[in-house]
Amino acid sequence: MSPFHISHIFVLALALQAHANPFSFSWFHKASTAAQDQSWLWGWAWGPDSIVSIVDRSPPVTFPSRPAGFGGELSDPLLGYVIPLNSFTIPCTNGSFASHIDPPNLGCPSLCSIDPNIPERLEPWIALVQRGACQFVSKAREAQRLGAKAIVVGGEDPEITGKPDTLVNMFSPEDASDVAIAATYIKYSSYAELYSFIATSNTSQAGLKTVSLLIRSEFSAWQWYSPILTFLTILFIPSSLTFLTLVIHRIRAAHAAQRERAPEDVVKSLPWRVWTGSGWEKHEGVSPDKSLTSNTSSLVDDTDVERGETPAAGPTTSAEDEDPIWFNTQVECAICLDEFVKGDRVRVLPCKHIFHLDEIDEWLIQLKKLVSQMIMMDQAFFCLCQHLTSRASSALSVRQT
């Protein structure tokens with residue numbers, strides 16, 4: 001299975017797992033609490049953050065907040081009086097009122113009114129509660145039942161819970177389509193400061209202390225493209241892995257091919273000969289052009305030694321290893337299977353097999369490995385000669401049949 005298919009299967013498995021159980025990635029939610037409050041990456045992944053501002057102060061006091069994953073959207077700024085729910089309600093116990101001198105501001109159902117002063121439903125007011133004791137969506141439902149237009153949930157005291165004082169994402173583990181009011185989350189430090197402003201405020205609504213609060217979302221131009229960016233990111237990850245795998249494979253293949261090629265200087269240093277029609281002329285060193293080789297014999301014949309003329313470079317007479325008895329029985333090239341004709345240049349390998357010079361040079365330099373160490377050269381050439389000879393024998397038997 002290719003890396004491209006493996007990457008797609010991995011991404012698909014994550015998507016199916018998230019759809020089946022969105023709360024199974026608890027490690028991801030724990031890691032998210034360490035993110036910065038105004039991180040652009042977090043906003044791109046989870047949507048824009050919002051701002052909670054006390055507008056009846058000069059200058060306005062602003063707190064960062066994060067909209068919930070349920071309830072109404074903050075498409076437009078929402079202005080209203082913010083009222084803590086514990087200022088006029090307490091938890092109900094079996095239809096009766098629980099006795100609380102200073103009830104906590106948790107906003108968990110069911111709440112019963114203890115103050116004759118109740119916020120008017122016609123006036124836009126915002127409920128203020130604190131995190132804990134029940135689900136976020138339960139707090140929103142209770143605030144909606146009491147007539148609030150929105151709810152602000154403050155964090156828990158980090159000195160008591162040991163949790164970091166950061167913004168969190170409020171989700172609902174159940175269907176929350178009945179919740180129509182907007183909900184947003186603020187840190188504990190912001191909640192404590194806002195609660196203090198309300199307690200010392202001179203403004204009241206229906207006899208309850210309050211301050212004017214403005215909730216608005218922070219949108220930027222790039223957030224409109226977040227679905228496209230998400231799609232491109234998911235598409236780019238497996239594609240980049242596939243491309244990287246192909247590049248690595250091509251680099252390794254190129255290196256392997258380079259190792260299989262013989263050094264050109266070693267191949268060119270092998271002896272070569274020219275067929276004169278009656279025998280082989282021996283040559284050493286780099287072979288000249290074919291046109292020059294064809295005129296070698298005539299240059300030697302036309303030289304006048306008595307007049308002091310120097311013979312042109314021609315056949316060598318070095319006393320090297322004697323040719324084996326079967327050397328002159330080689331009448332054709334085992335590569336192209338053509339018979340040698342007058343003027344053909346051949347390369348003589350250490351095993352004494354001969355091949356057309358251009359063909360064997362291309363084979364060794366471009367295709368077949370040549371061991372540059374002289375100790376191993378005879379063995380490498382012997383294996384090559386065996387391969388080429390067997391190929392020639394097979395082709396000859398096919399011709400005879």
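Let's start with a cysteine: cysteine 333 is buried, at a relative accessible area of 0% (buried means under 20% relative accessible area, exposed over 50%, and partly exposed in between, using a 1.4 Å probe and protein chains only). Its closest cysteine sulfur sits in cysteine 336, 4.0 Å away, which is too far for a bond. Cysteine 336 itself is partly exposed, with 24% relative accessibility.

A word on what you're looking at: this is a predicted model, so to speak of local features pLDDT must be at least 70, and side-chain atom pairs count only at pLDDT 80 or more, while totals for chains, interfaces and linings use all residues. Residues are numbered from 1 along each chain as its sequence is written, and side-chain values use heavy atoms, with hydrogens and water left out.

**Disulfides**

How many disulfides does a search of the whole structure find? The search turns up 2, where a disulfide is a pair of cysteine sulfur atoms within 2.5 Å. Here they are side by side.

| Disulfide | S to S distance | Angle about the S-S bond and hand |
|---|---|---|
| cysteine 92 and cysteine 112 | 1.3 Å | 130 degrees, right-handed |
| cysteine 108 and cysteine 134 | 2.1 Å | -95 degrees, left-handed |

(Helices, H or I with at least four residues, and strands, E with at least two, are DSSP runs numbered from the N terminus.) Cysteine 108 counts as buried at 14% relative accessibility, and cysteine 134 as partly exposed at 25%.Back to the right-handed link of cysteine 92 and cysteine 112. Cysteine 92 lies in strand 4 (residues 89-93) and cysteine 112 in strand 6 (residues 111-113), so this pair ties together parts 20 residues apart in sequence. Cysteine 92 is partly exposed, with a relative accessible area of 22%, and cysteine 112 counts as buried at 15%.

**Aromatic pairs**

Now for the rings. A pair of aromatic rings is described by the distance of the centres and the angle of the planes. Rings of Phe, Tyr and Trp (its six-membered ring) pair if their centres lie within 6.5 Å; planes under 30 degrees apart count as stacked, over 60 as edge-to-face and the rest as tilted. By this rule there are 5 aromatic pairs.

One of them is phenylalanine 136 with tyrosine 185: the ring centres are 6.1 Å apart and the planes stand at 85 degrees, so the pair is edge-to-face. Phenylalanine 136 belongs to helix 4 (residues 136-145) and tyrosine 185 to strand 9 (residues 182-186), which makes this a link between distant parts of the chain, 49 residues apart. Phenylalanine 136 and tyrosine 185 are both buried.

Another pair is tryptophan 280 with phenylalanine 340, and this one is edge-to-face too because the centres are 5.5 Å apart with the planes at 80 degrees. Tryptophan 280 is in strand 14 (residues 280-283), and phenylalanine 340 is in the loop between helix 10 (296-301) and strand 15 (345-348), so parts 60 residues apart in sequence are tied together. Tryptophan 280 and phenylalanine 340 are buried.

**The nonpolar core**

Which residues touch the most other members of the largest nonpolar core? They are Phe70, Leu85, Trp125, Ile151 and Met170, out of 26 residues in that core. (A nonpolar core is a set of buried Ala, Val, Leu, Ile, Met, Phe, Trp, Tyr and Cys residues joined through side-chain atoms within 4.5 Å.) At least two residues each come from strand 7, helix 4, strand 8 (150-154) and strand 9. Helix 4 gives the largest share, 4 residues.

Methionine 170 is worth a click. Setting aside neighbours within four places in sequence, methionine 170 is in contact (heavy atoms within 4.5 Å) with residues including Phe70, Val153, Phe136 and Tyr185. The last two are the edge-to-face partners described above.

(Axes are lines fitted to C-alpha atoms, for helices over the stretch in contact, and angles run from 0 to 180 degrees between N-to-C directions.) Strand 15 and strand 16 run antiparallel and are joined by 3 bridges. Arginine 347 stands opposite phenylalanine 355 of strand 16.

How values were computed
Two strands pair if DSSP finds at least two bridges between them.
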